[in-house]
Amino acid sequence: MNKNYALVTGASRGIGRAIAIRLAKDGYTVLINYNTHLAAAQETLSAIEAEGGHAELLPFDVTDGKAIETALSQWDEAHPNEHISVLVNNAGIRKDGLMVFMTESDWHSVLHTTTEGFYYITHHVLGGMLRARYGRIVNVASISGVIGMPGQANYSAAKAALIGATKALSKEIASRKVTVNAVAPGFIATDMTADLDEDALKKTIPAGRFGQPEEVAALVSFLCSDEAAYITGQVINIAGGMG
């Protein structure tokens, strides 16, 4: 059974793209999940192939359980002797605002993108990992879910929920040699943070700078490696000293 398939959600841009490219360099065939950004997903695919790696596009909305089941079942049927051995739950959105002004839609959409995606996708791929007695699940949380950030009650709640699920699931499946960890990035230089006041925020970061997506990808790469087999249920901040 091939152990070399890695599914990265939200892999068309930013941290997800960097993780997809890094895992391809590590030898995985990467399943590039995206929802609406086809052109950006194709750029991720081209970047991987340009360096001799292998990848496939796997579009679906991480909040749509039926779409996820259809897409992953079709992939399973097309790869009857293989399974996804690495899952990186990266997809997420921000809709910042003070709680007193936050709409119901902004609350639910942020939570659903993170928590529904984690449930539906992990639930589907977990069986193959358990049968193979091997798997790596890495959940991309946020320092916001660790320490809380003003203006991000929805985002902090979503990422804190993901951290709780990481810790619980890790205890359920550790004996099957499947690890579950979370990384908690701080301010990372991506299009998701492009609207923030970087100069002002750098003063709140002990390291004095925003992180790079490739730095997060390097940490995820390690957690997906055989060297990390004894690390599970952990939340690792990658936030320049914040937290």
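**Close-up views of a predicted model**

View 1. A polar atom of the Thr-113 side chain sits 2.8 Å from the backbone oxygen of Ser-109. The model shown here is predicted. Thr-113 belongs to helix α4, which covers residues 104-132. Its relative accessible area is 11%, under the 20% limit, so Thr-113 counts as buried. Beyond neighbours within four places in sequence, Thr-113 contacts Val-62, Thr-63, Ala-91, Gly-92 and Ile-93.

**View 2. Thr-103 in a loop.** Thr-103 lies in the loop between β4 (86-89) and α4. Its relative accessibility is 38%, so Thr-103 is classed as partly exposed. Thr-103 and His-83 are 20 residues apart along the chain, and their C-alpha atoms are 40 Å apart.

**View 3. The largest nonpolar core.** This core holds 32 residues. Ile-19, Leu-23, Val-30 and Val-88 touch the most other members. At least two residues each come from β1 (5-8), α1 (14-25), β2 (29-34), α2 (38-50), β4, β5 (135-140) and α8 (213-223). The top contributor is α1, with seven residues. In soluble globular proteins, nonpolar side chains tend to be buried together.

**View 4. Around Leu-23.** Leu-23 is one of the core residues that touch the most other members. Leaving aside neighbours within four places in sequence, Leu-23 contacts Ala-6, Val-8, Tyr-28, Val-30, Val-86, Val-88, Ser-221 and Cys-224.

**View 5. A second core.** A separate core contains 26 residues. Among them are Leu-72, Ala-91, Val-125 and Val-180. Ala-91 is also one of the residues in contact with Thr-113.

Terms used:
Residues are numbered from 1 along each chain as its sequence is written. This is a predicted model: local features need pLDDT of at least 70, side-chain atom pairs count only at pLDDT 80 or more; totals for chains, interfaces and linings use all residues. Side-chain values use heavy atoms; hydrogens and water are left out. Helices (H or I, at least four residues) and strands (E, at least two) are DSSP runs, numbered from the N terminus. Buried means under 20% relative accessible area, exposed over 50%, partly exposed in between (1.4 Å probe, protein chains only). A polar contact is a pair of N or O atoms within 3.5 Å; within protein, one must be able to donate a hydrogen and the other to accept it, and residues adjacent in sequence count only if both atoms are side-chain atoms. Contact means heavy atoms within 4.5 Å. A nonpolar core is a set of buried Ala, Val, Leu, Ile, Met, Phe, Trp, Tyr and Cys residues joined through side-chain atoms within 4.5 Å.
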